[in-house]
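Visitor: Could you take me through the aromatic ring pairs of this chain, with some care over the terms as you go?

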Amino acid sequence: FLLHCLQSELRKHLPTFLIDPEQHGALPAEMVLDTLMNAMSLLRRCRVNPALTIQLFSQLFHFISAWLFNQLMVPETNPPGLRSHYWGSALRQRLTPIEAWAERQGLELAADCHLGHIVQATTLLTMKKYSVQDAKDIQSSCFKLNSLQLRMLMAGYLYGTSEPQIPPVSSPPLH
């Protein structure tokens, strides 16, 4: 029940991650962090077993990651251009305080494991992806993303004005 209540609270605040930073600054992680801090405070006040606390936060980090990742994967993203270097960078900056908080709480392993999908998706959006060496870097940096996820993220990628285009992949000839 506690997990369900906390996920409902997070569901209210996670859409703030999708507010354009140029219009509203870099505050959106604050409400999500408040939810996590209040949960930790409650668990400590009630002297909940540390293993249960880790399990609960693992579920919350997974929920945050899945919610944000699903926003990236929706074909008609809102706001438009979510699959871009700009938004990859913005989302990464908004996840950083959550990771830092988790580390201060001794939850860095849970955060690393369960936020890994969205962190690697933001890494993909912000890294170079124009040469064979870049492809190798992507393979080593984005190992939690499967080939279909990589394809979906790149298929809807919105290029910046000064960003080079990824050359199209030609199909091998049929014999």
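Predicted model: local features only at pLDDT ≥ 70, side-chain atom pairs only at ≥ 80, totals over all residues.

Guide: Residues are numbered from 1 along each chain as its sequence is written, and side-chain values use heavy atoms, with hydrogens and water left out. The pLDDT, the predictor's confidence in each residue from 0 to 100, has a mean of 86 for the chain.

Rings of Phe, Tyr and Trp (its six-membered ring) pair if their centres lie within 6.5 Å, and planes under 30 degrees apart count as stacked, over 60 as edge-to-face and the rest as tilted. By this rule the count comes to three aromatic pairs. One of them is the tilted pair of Phe-57 and Phe-61, with 6.1 Å centre to centre and 45° between the planes. Phe-57 and Phe-61 are both buried, a term for under 20% relative accessible area, against exposed for over 50% and partly exposed in between (1.4 Å probe, protein chains only). Tyr-86 and Trp-87 make an edge-to-face pair, because their ring centres are 5.7 Å apart and their planes stand at 90°. Within this pair, Tyr-86 is partly exposed at a relative accessible area of 32%, whereas Trp-87 is buried at 4%. Ring pairs also link Phe-57, Phe-61 and Trp-101 into a cluster.
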